[in-house]
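Here is a short report for a reader who is new to this structure. Take a look at the chain, then read on.

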Amino acid sequence: MTSSTTTTTTTPSGLRSLYLMRVAFSLIWVALIVTTSASLVSTDKPTVIAAALLVIYPLWDVIATLLERRMAGTGSTDRVGTTNMALGLATTAGMIIAVFSTIGTALLVFGIWAVLSGAIQLVVAIRRRRTVGAQWPMVISGGLSVLAGASFAAMSASATSSLSTVAGYSAFGAFWFLVSIIALTIRSRREKR
């Protein structure tokens, strides 16, 4: 669910394009998790495919944030984006270590990342609502990410926790990005009138 972090000159059309890429990535990622790894539980060691998917997820968020920064032209002046990218890179490194342990360890790392990146998303959406508007889906998504992340971290020690929970998280993230695309499109059409 994690999201865009740039707050200045990002355009609604640019955000729609980026959000569409995020939707596509999330849906492909969910399909791969569901078809290859959803049955893995907390005490299992990740398979090679599961490990790769778990490492790629936070790394994709870094790439998406970088794309958004380039689109907005903010570069190093975007401290929130820089923070989100550093968090994503740290999570990617943590996930590389976690996947050599158990699914439970990976869920803990994923949960901590979801809490922190969700909080960043929430702050950005609240700030961005004045300049871009139509940010209520991202506010909801950020809040849900914080709650889901706390849930993942709490249930990481449970022997029955599985990767299907993070697939659900990513699917809901795709849904909220899709809702954001629709909200931004409606807002843009209203402004053109």
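Buried means under 20% relative accessible area, exposed means over 50%, and partly exposed lies in between (1.4 Å probe, protein chains only). Helices (H or I, at least four residues) and strands (E, at least two) are DSSP runs, numbered from the N terminus.

This is a predicted model, in which local features need pLDDT of at least 70, side-chain atom pairs count only at pLDDT 80 or more, and totals for chains, interfaces and linings use all residues. Residues are numbered from 1 along each chain as its sequence is written, and side-chain values use heavy atoms, with hydrogens and water left out.

## Confidence

pLDDT is the predictor's confidence in each residue, from 0 to 100. The chain has a mean pLDDT of 88. In it, 91% of residues reach 70 or more. Confidence is highest in α3, at a mean of 94, and lowest in α6, at 88. Residues 3-8 stay under 50. The model has 36 contacts for them beyond four places in sequence, where contact means heavy atoms within 4.5 Å. Where pLDDT is low, the predicted coordinates should not be read in detail.

The expected span of a helix is 1.5 Å times one less than its number of residues. The table compares this with the distance from the first C-alpha to the last.

| Helix | Residues | End-to-end distance | Expected span |
|---|---|---|---|
| α1 | 25 residues | 36 Å | 36 Å |
| α5 | 20 residues | 28 Å | 28 Å |

Start with α5. Its buried residues are Pro-137, Met-138, Ser-141, Gly-142, Ser-145, Ala-148, Gly-149 and Phe-152. They cover an arc of only 135° around the axis, which puts them on the same side of α5. The arc is that of the directions from the helix axis to the C-beta atoms. Exposed Leu-147 and Ala-154 sit on the face turned away from the buried side of α5. What do the buried residues of α5 pack against? They pack against α1, α4 and α6.

Now α3. Its buried residues include Val-80, Gly-81, Asn-84, Met-85 and Leu-87. Gly-88, Thr-91, Thr-92, Met-95 and Ala-98 are buried there too.

In α1, the buried residues include Tyr-19, Arg-22, Val-23, Phe-25, Ser-26 and Trp-29.

## Nonpolar cores

A nonpolar core is a set of buried Ala, Val, Leu, Ile, Met, Phe, Trp, Tyr and Cys residues joined through side-chain atoms within 4.5 Å. The largest one has 34 residues. Trp-29, Met-95, Phe-110 and Leu-163 have the most contacts inside it. At least two of its residues come from each of α1 (12-36), α2 (48-72), α3 (79-98), α4 (103-128), α5 (136-155) and α6 (164-192). Which helix gives the most to this core? It is α4, with 9 residues.

Trp-29 touches Leu-53, Tyr-57, Val-166, Ala-167 and Ser-170, not counting residues up to four places away in sequence. A second, separate core has 13 residues, among them Val-23, Ala-125, Ala-134 and Met-138.

## Aromatic pairs

Rings of Phe, Tyr and Trp (its six-membered ring) pair if their centres lie within 6.5 Å; planes under 30 degrees apart count as stacked, over 60 as edge-to-face and the rest as tilted. The count comes to 12 aromatic pairs. Phe-152 and Tyr-169 form an edge-to-face pair, 5.5 Å centre to centre, with 70° between the planes. This pair links distant parts of the chain: Phe-152 is in helix α5 and Tyr-169 in helix α6, 17 residues apart. Their C-alpha atoms are 9.8 Å apart. Both Phe-152 and Tyr-169 are buried.

Phe-175 and Trp-176 also pair edge-to-face, at 5.0 Å centre to centre and 75° between the planes. Is Phe-175 buried or partly exposed? Phe-175 is partly exposed, because its relative accessible area is 42%. Trp-176 is buried, at 13%.

Ring pairs also link Phe-25, Trp-29, Tyr-57, Trp-60, Phe-110, Trp-113, Phe-152 and Tyr-169 into a cluster.

## A loop residue

Ser-156 is in the loop between α5 and α6. Ser-156 counts as buried because its relative accessible area is 10%. Leaving aside neighbours within four places in sequence, Ser-156 is in contact with Ser-42, Gly-104, Leu-107, Leu-108 and Ser-161.
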